[in-house]
Amino acid sequence: MSPLLVNQKVLNENYKKTCQNMYDSLTRQNYKSYIFIPYNFGYHWILLILSVETGNLIVFDSMRNPKSAIQHIIDPLNRVWKKFVKNNKGRGQWRPELNVNMDYPCARQQQGTDWCGYYVCDYLHIMTPCGKVTNEDTRMSQMGDECYSTDRINAVCEQLAGFILNEILDPRGEFYHDGHINRGLLSTS
């Protein structure tokens, strides 16, 4: 789910539209094992991973905030999940309500740092094996429960900068966008 469409600001400004965006995203991606939701609230980034097959919502928060701190996103996600399950009966054996796991081991952010965005990028990097054969448990175990060293944060920064340069800014990159907004599918006739 795009953090441009799902974040605390847009959720507060237009709850109904944000829920619809989440539902549309879930519907389009329902065949996937996981849906990644990088989420920003109060100048802090976390990563929510929705396991479509099990209905588990795993929360990776480097600051270890209590569940109450993110209840404002859990409630609409549950609302969207319930609608999704209701409208897709017979297509899967989904639980009726999301099972939220706040205790999954992930790296701890050092006090006084603003590295939460880098942690989210690293979690995403670990969870998307890019063709490497690994299972979920192996990838999840790489997250650890320690603070990242400055060297590791710098490595994440370098990887992110390289990705932006090669895949987003370069016209030959997979995610390059020329600035034009595409308002619909073009006709091929």
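This is a short tour of a predicted model, stop by stop. Residues are numbered from 1 along each chain as its sequence is written. Local features need pLDDT of at least 70 and side-chain atom pairs pLDDT 80 or more, while totals for chains, interfaces and linings use all residues, and side-chain values use heavy atoms, without hydrogens or water.

Colour the chain by pLDDT (the predictor's confidence in each residue, from 0 to 100): the protein averages 79, and 77% of the residues score at least 70. Then select residues 181-189, where pLDDT is below 50 and where the model has zero contacts (heavy atoms within 4.5 Å) beyond near neighbours in sequence. Where pLDDT is low, predicted coordinates should not be read in detail.

Next, select α2 (residues 15-28) and α3 (residues 71-87), helices (DSSP runs of H or I, at least four residues) whose axes, lines fitted to C-alpha atoms over the stretch in contact, lie 9 Å apart at an angle of about 50 degrees. Show side chains in their contact, including Y15, M22 and L26 of α2 and L77, W81 and F84 of α3.

Finally, select residues 41-60, which an unreviewed UniProt entry annotates as "transmembrane region", an annotation that may be inferred rather than shown by experiment.

Key: Axes fitted to C-alpha atoms, helices over the stretch in contact; angles between N-to-C directions. Helix = DSSP H or I, 4+ residues; strand = E, 2+ residues; numbered from the N terminus.
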